[in-house]
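Visitor: I have some questions about this one. Can we go through it piece by piece?
Guide: Go ahead.

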Amino acid sequence: MLIAIPELPYGYYTFLRIAITILSIYMIFVAMGSNKVGWGWVFGGIAILFNPLIPVYLSKEVWVIIDIVVGLIFIISIFAIKLPTEA
């Protein structure tokens, strides 16, 4: 996410939308499997925001803020969402 801050070719942003959407959908399942419903909603919102099928068009300045916040959310989620351990 943080790599998306400088000006890059448009193809990179398309790839980023696809990758973040797929990762967010995966994280929804991880969150729900860990009974972290709130995190599931957060990642659902991220998946909608970054989806490549119906793109959300915002200014570069707004996307920089969103990229930083979403990057931090993914980092925090590593520690906040734990997969249930198998007995």
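Visitor: Which residues is I46 in contact with, leaving aside its neighbours within four places in sequence?
Guide: I46 is in contact with I20, S24, V70, I73 and F74. Contact means heavy atoms within 4.5 Å. This is a predicted model, in which local features need pLDDT of at least 70 and side-chain atom pairs count only at pLDDT 80 or more, while totals for chains, interfaces and linings use all residues. Residues are numbered from 1 along each chain as its sequence is written, and side-chain values use heavy atoms, with hydrogens and water left out.

Visitor: Where is I46 found?
Guide: In helix α2, residues 37-50. Helices are DSSP runs of H or I with at least four residues, strands are runs of E with at least two, and both are numbered from the N terminus.

Visitor: Is I46 buried or exposed?
Guide: I46 counts as buried, because its relative accessibility is 5%. Buried means under 20% relative accessible area, exposed over 50%, and partly exposed in between, with a 1.4 Å probe and protein chains only.

Visitor: How far is the C-alpha atom of I46 from that of T21?
Guide: The two C-alpha atoms are separated by 7.2 Å, with I46 and T21 25 residues apart along the chain.

Visitor: Which residues of the largest nonpolar core touch the most other members?
Guide: I20, F43, I46, F50, V70, F74 and I81, out of 13 residues in that core. A nonpolar core is a set of buried Ala, Val, Leu, Ile, Met, Phe, Trp, Tyr and Cys residues joined through side-chain atoms within 4.5 Å.

Visitor: Which helices supply this core?
Guide: α1, α2 and α3 (60-80) each supply at least two residues of the core. α1 gives the most, with five residues.

Visitor: What about the secondary structure of the chain as a whole?
Guide: The protein chain has three helices and zero strands. From the N terminus on, its elements run α-α-α.

Visitor: How much of the chain is buried?
Guide: Buried residues make up 31% of the 87 residues. Among contacts between residues at least 6 apart in sequence, 66% join residues at least 24 apart.

Visitor: Where is R17, and what is R17 in contact with?
Guide: R17 is in helix α1, residues 10-33. Leaving aside neighbours within four places in sequence, R17 is in contact with L49, F50, N51, P52, P55, V56 and W63.

Visitor: Take L49 from that list. Where does L49 lie?
Guide: L49 lies in helix α2. L49 is partly exposed, with a relative accessible area of 22%. From C-alpha to C-alpha, L49 and R17 are 8.8 Å apart in space, and they are 32 residues apart in sequence.

Visitor: And N51, buried or exposed?
Guide: N51 is buried, with a relative accessible area of 15%. N51 lies in the loop between α2 and α3.

Visitor: What does the side chain of N51 reach?
Guide: It reaches the backbone nitrogen of L53 at 3.0 Å, and the backbone nitrogen of I54 at 2.6 Å.

Visitor: Different topic. How many aromatic pairs does a search of the whole structure find?
Guide: Four. The rings of Y12 and Y13 have their centres 5.8 Å apart and their planes at 75°, so that pair is edge-to-face. Rings of Phe, Tyr and Trp (its six-membered ring) pair if their centres lie within 6.5 Å; planes under 30 degrees apart count as stacked, over 60 as edge-to-face and the rest as tilted.

Visitor: Which residues form an aromatic cluster?
Guide: W39, F43 and F74 form one.

Visitor: Last one: what is the phi of N35?
Guide: Phi of N35 is near 55°, a positive value in a residue other than glycine. N35 is in the loop between α1 and α2, and N35 is exposed, with a relative accessible area of 67%.

Notes: A polar contact is a pair of N or O atoms within 3.5 Å; within protein, one must be able to donate a hydrogen and the other to accept it, and residues adjacent in sequence count only if both atoms are side-chain atoms.
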